[in-house]
Amino acid sequence: MARHVAEMTHRLVSTPEGRIHLVEQGTGPLVLLVHGFPESWYSWRHQLPALAAAGYRAVAIDVRGYGRSSKPAATDAYRMLHLVEDNVAVVHALGERSAVVVGHDWGAGIAANSALLRPDVFRAVALLSVPYTPRGGPRPSDVFARMGGDEEFYASYFQEPGRAEAEIEPDVRGWLAGFYAALSADTMPAPGAPDPHFVSRAGTLRDRFPAGRMPAWLSEGDLDVYAGEFERTGLSGALNRYRNMDRDWEDLAAFDGAPVTQPSVFIGGSLDASTTWLADAIEAYPVTLPGLVSSRLLDGCGHWIQQERPVEVNRILTDWLAALPATVS
């Protein structure tokens with residue numbers, strides 16, 4: 001018998017430093033969905049109804065600095081510790097004591113650290129596209145500086161406040177379309193073409209985006225939603241996540257090398273640089289994710305995994321959730 005699924009509901013909930021906008025659908029155990037850059041709650045539009053139909057209370061947030069959530073002015077307000085606190089506050093504001101947390105891209109890092117720092121609240125974790133890499137090694141900014149050679153790695157390019165904003169904000173819609181296309185399986189640059197993750201000296205990221213090509217998963221209406229949010233908010237709140245990576249490295253020193261022990265699942269795309277560059281992190285999962293139930297690479301899939309391949313991702317997530325112990329799910 002088909003389960004009746006209520007419509008999506010938008011809410012604002014209070015956090016210690018502001019408010020978080022969320023979209024909720026369904027009833028049952030709470031599943032918190034955390035997006036990445038440059039996205040919004042809307043990135044989970046295919047997962048919300050699927051999870052609700054499977055018997056879960058699915059909640060997708062606008063991460064701090066995005067959409068209708070609060071956007072503190074201070075750059076250091078976007079450090080990982082604050083984003084974990086936001087997630088905990090959302091769970092409690094919804095009247096729940098625990099949740100399963102699911103993250104994509106930067107959201108995967110936020111989800112993993114939420115599980116690491118607050119295992120009393122986050123009882124299981126699903127990571128999409130970006131593997132879990134425990135805190136450790138050299139300072140992140142030093143690593144990024146060595147990666148580019150004669151070019152500049154995008155994470156370094158994002159560090160200086162105002163620099164990337166000056167590239168993106170005059171044409172948010174066009175820039176987003178190019179960025180999404182550059183990391184999508186059906187529109188990404190061919191092997192051997194200049195890598196869109198790097199910037200030539202005195203160049204911009206957009207120089208290497210595919211021109212005039214929209215990925216199959218992204219409609220004009222979808223692009224309107226994303227562009228409309230960033231045209232209203234600007235990009236600084238989103239980019240400030242990158243500007244706190246060294247602060248995170250300092251803040252999380254006590255967790256150097258720490259594993260995430262809760263039940264977990266990883267889903268990546270075989271064509272995503274996040275999974276190819278971090279292949280060693282995936283190989284280390286028996287140590288870093290000892291509770292891992294499944295690690296899946298979707299063949300021929302790019303970075304925007306839950307939008308490029310929603311049916312497969314929904315099936316993996318719902319099967320994993322259904323197999324969790326009742327006290328966890």
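A pocket, as I use the word here, is an open set of grid points with protein on both sides within 12 Å along at least five of seven lines. I am working on a predicted model, and these are my notes on it.

**Entry 1: the largest pocket**

I looked up the volume first: the largest pocket holds about 1300 Å³ of space. Its lining takes in 47 residues, and I noted W106, T133, F144, M245 and L278 as the ones nearest the centre.

Which helix gives the most to this lining? I found that α3 does, with six residues. Helices that supply at least two residues each include α4 (140-147), α7 (172-182) and α10 (245-251); α5 (154-157) and α11 (273-277) are also among them.

I then sorted the lining by class and got 34 nonpolar, eight polar and five charged residues.

**Entry 2: the second largest pocket**

Here I read off a volume of about 250 Å³. I counted 19 lining residues, with M188, D195, H197, L271 and A273 nearest the centre. Helix α11 supplies the largest share, three residues. By class, I have 12 nonpolar, five polar and two charged residues in this lining.

**Entry 3: α2 against α3**

Since α3 had come up in the first entry, I checked how it meets α2. Two packed helices are described by the angle between their axes and the distance between the axes, so I looked up both. The axes of α2 (residues 80-93) and α3 (residues 106-117) come within 9 Å and cross at roughly 75 degrees. That angle makes α2 roughly perpendicular to α3, because 65 to 115 degrees counts as roughly perpendicular.

Which residues make the contact? From α2 I listed M80, L81, L83, V84 and N87; from α3 I listed W106, G109, I110, N113, S114 and L117. Seven of the contact residues are nonpolar, four are polar and none is charged. I was pleased to meet W106 again: this residue of the α3 side of the contact is also one of those nearest the centre of the largest pocket.

**Entry 4: L289**

My last stop was L289, in the loop between α13 (285-288) and β10 (292-298). Is L289 buried or exposed? I have a relative accessible area of 2% for L289, so this residue is buried, the cut-off for buried being under 20%.

Leaving aside neighbours within four places in sequence, I found L289 in contact with L127, Y132, V260 and S264. I also checked L289 against Y56: the two are 233 residues apart in sequence, and their C-alpha atoms are 24 Å apart in space.

Methods: Residues numbered from 1 in each chain as written. Predicted model: local features only at pLDDT ≥ 70, side-chain atom pairs only at ≥ 80, totals over all residues. Heavy atoms only, no water. Axes fitted to C-alpha atoms, helices over the stretch in contact; angles between N-to-C directions. Helix = DSSP H or I, 4+ residues; strand = E, 2+ residues; numbered from the N terminus. Parallel < 35°, antiparallel > 145°, perpendicular 65-115°, else oblique. Contact = heavy atoms within 4.5 Å. Nonpolar A, V, L, I, M, F, W, Y, C, P; charged D, E, K, R; others polar. Buried < 20%, exposed > 50% of the residue type's maximum accessible area, 1.4 Å probe, protein only. 1 Å grid on protein atoms, 1.4 Å probe; cavity = no way out; pocket = protein on both sides within 12 Å on 5 of 7 lines; lining within 4 Å. Points joined across faces, edges and corners; volume = space filled by probe spheres on them.
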